[in-house]
Amino acid sequence: MAGIKSLAKDTAIYGLSSIIGRFLNWCLVPLYTITFPAAEYGVVTYVYSVVALAMIILTYGMETGFFRFANHERWNDPMQVYSTALTSLAVTSSLFIVLVLAAIKPVTHLMQCDGHPSYIIMMAVCVALDAFLALPFSYLRYKKRPVRFATIRLVNIGVNIGLNLFFILLCPWLMKTVPATVDWFYNPGFGIGYIFLSNLIASVVNFVMMIPELTGFRWRFCRRLLAEMLRYSAPLLVLGIAGVMNQTIDKLLYPYLVSDPAEAMSGLGIYGANYKVAIVMVMFIQAFRFAYEPFIFSQAKERGKQSNQAYRDAMKFFVIFAVVLFLGVMFYLPILKYFISPKYFSGLAVVPIIMLAEFFFGIFFNLSVWYKLSDRTVWGMYFSLIGVAVTVVLNVLLVPVMGYMGCAWAALCSYFIMMAASYFVGNAKYPIGYPTGRLLGYMGVGAVCYVLGLYVAVTPWMWLNYIIRATIIAAYLVFCIKKEHIPLPGLHK
């Protein structure tokens, strides 16, 4: 259990930057939805969907590749691995900026930003910086420095949020009251461009803070090492592209599957805003991922096959806490929904579907341990490509009939199929021995709690409903704790 305790501790610290940061960014959603029309917020949703895909392409699996080769028995110099991967990322990130600038007009049109090439230039530089800095962040995880990791992340988030508030709230007010203070740099017509500018400045601040991780060692480039890392990471690149496509392709396809362009961007804005309500599950999975990747490779190196118990325990606790998060969001959705403007409430029906889809994706990520440890990452590519195919087909079939609800159902089906495929293939090729019956039991009890909280134990008084729901969540936690024999005071014999 020592390894699991360490994993839980690191997940909590990484979660500080991920969950608090995402929550604070989440708090910007009401600002965006109140300030900008749904069609303009739809453009923001579209651009950031493409950005998510570009980030995966520009990091091309180097994060996981670094963890693998830094712990590899044949490469016993982690700094050589680090500097080789950094050099590769520096070259490809620079090349990306050059290519975008060379094709700025068609790229601007493709990104639904006609007339605003500056939006694209800012985001291209931002993506290139973030892709390059992904490896220094991985290095901090490798060195088990979650506090510095979290600090840099939180500063980045604080700068981004502060600038958003400055440009979107303070500057318009100053423009009306004392225009001379801001009219020399502030342009009200720039609109959503200030969202992208804030992001860019925050990324530059990140780069400056990361200078200690980019200096103080001898940069060494090994062509043979890079070739091996690329061979290992190539399937992870496809896996990553497929994974992010599963998360974003619905938003990328949506404008082309709805006949009315204005209605398409408006619907995309509503879908994107409500997707943010379900982001608590995404935050938990991201925090878990930051801690889990270095954990699995270090466990494999230190304990060999005995590490399987640690993987089984990690899966159990992931499922338990993911169910708690799902219940918490669904039970208190009548309060949480006010994080977006009431004009976006028509899309709230997507929230439980998206949360359940992300839950399945989290289990899929846990199951990925078998092909990452056995160097058979090509299987992750296969599973993700299957998921993309399901997502595309179902979006094409469902969106013209159901609108953005079709996007949500397509995501749910896709992640479920990926999870099931990874489970059955992994059982045959690299059995971990997950306690499937117990996991299904925890999910089943969670489903019963969901029905009780929303459909059975319901009173005319909302405040009493909230108390009942809190009691149900607490009872679920107590049940799981007793079942796992966790020695907490007052909860064990």
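First, a term: buried means under 20% relative accessible area, exposed over 50%, and partly exposed in between, with a 1.4 Å probe and protein chains only. Next, the background. This is a predicted model, where local features need pLDDT of at least 70, side-chain atom pairs count only at pLDDT 80 or more, and totals for chains, interfaces and linings use all residues. Residues are numbered from 1 along each chain as its sequence is written, and side-chain values use heavy atoms, with hydrogens and water left out.

Now the rings. Rings of Phe, Tyr and Trp (its six-membered ring) pair if their centres lie within 6.5 Å; planes under 30 degrees apart are stacked, over 60 edge-to-face, the rest tilted. That rule gives 30 aromatic pairs. Take Tyr-119 and Phe-190. Their centres are 5.6 Å apart, with 70 degrees between the planes, an edge-to-face pair. Tyr-119 is in helix α7 (residues 117-142), and Phe-190 is in the loop between α8 (146-177) and α9 (193-209), 71 residues apart. Helices here are DSSP runs of H or I, at least four residues, numbered from the N terminus. Tyr-119 and Phe-190 are both buried.

Why is the pair of Phe-361 and Phe-364 tilted? Because the ring centres are 6.1 Å apart and the planes meet at 40 degrees. Both residues sit in helix α16 (residues 350-367), 3 residues apart, about one turn of the helix. Phe-361 has 16% relative accessibility, so Phe-361 counts as buried. Phe-364 is buried too, at 3%.

On to the cores. A nonpolar core is a set of buried Ala, Val, Leu, Ile, Met, Phe, Trp, Tyr and Cys residues joined through side-chain atoms within 4.5 Å. The largest has 114 residues, and Val-319, Val-351 and Phe-359 touch the most other members. Which helix gives the most to this core? Helix α14 (residues 308-331), with 14 residues. A second, separate core has 28 residues, among them Met-62 and Leu-135.

Last, helix α18 (residues 378-402). The helix has 25 residues and spans 34 Å from first C-alpha to last, close to the 36 Å expected at 1.5 Å a residue. That expected span is 1.5 Å times one less than the number of residues. Buried residues in α18 include Gly-380, Phe-383 and Asn-395. After α18 comes Gly-403, with a positive phi near 70 degrees.

How values were computed: Helix = DSSP H or I, 4+ residues; strand = E, 2+ residues; numbered from the N terminus.
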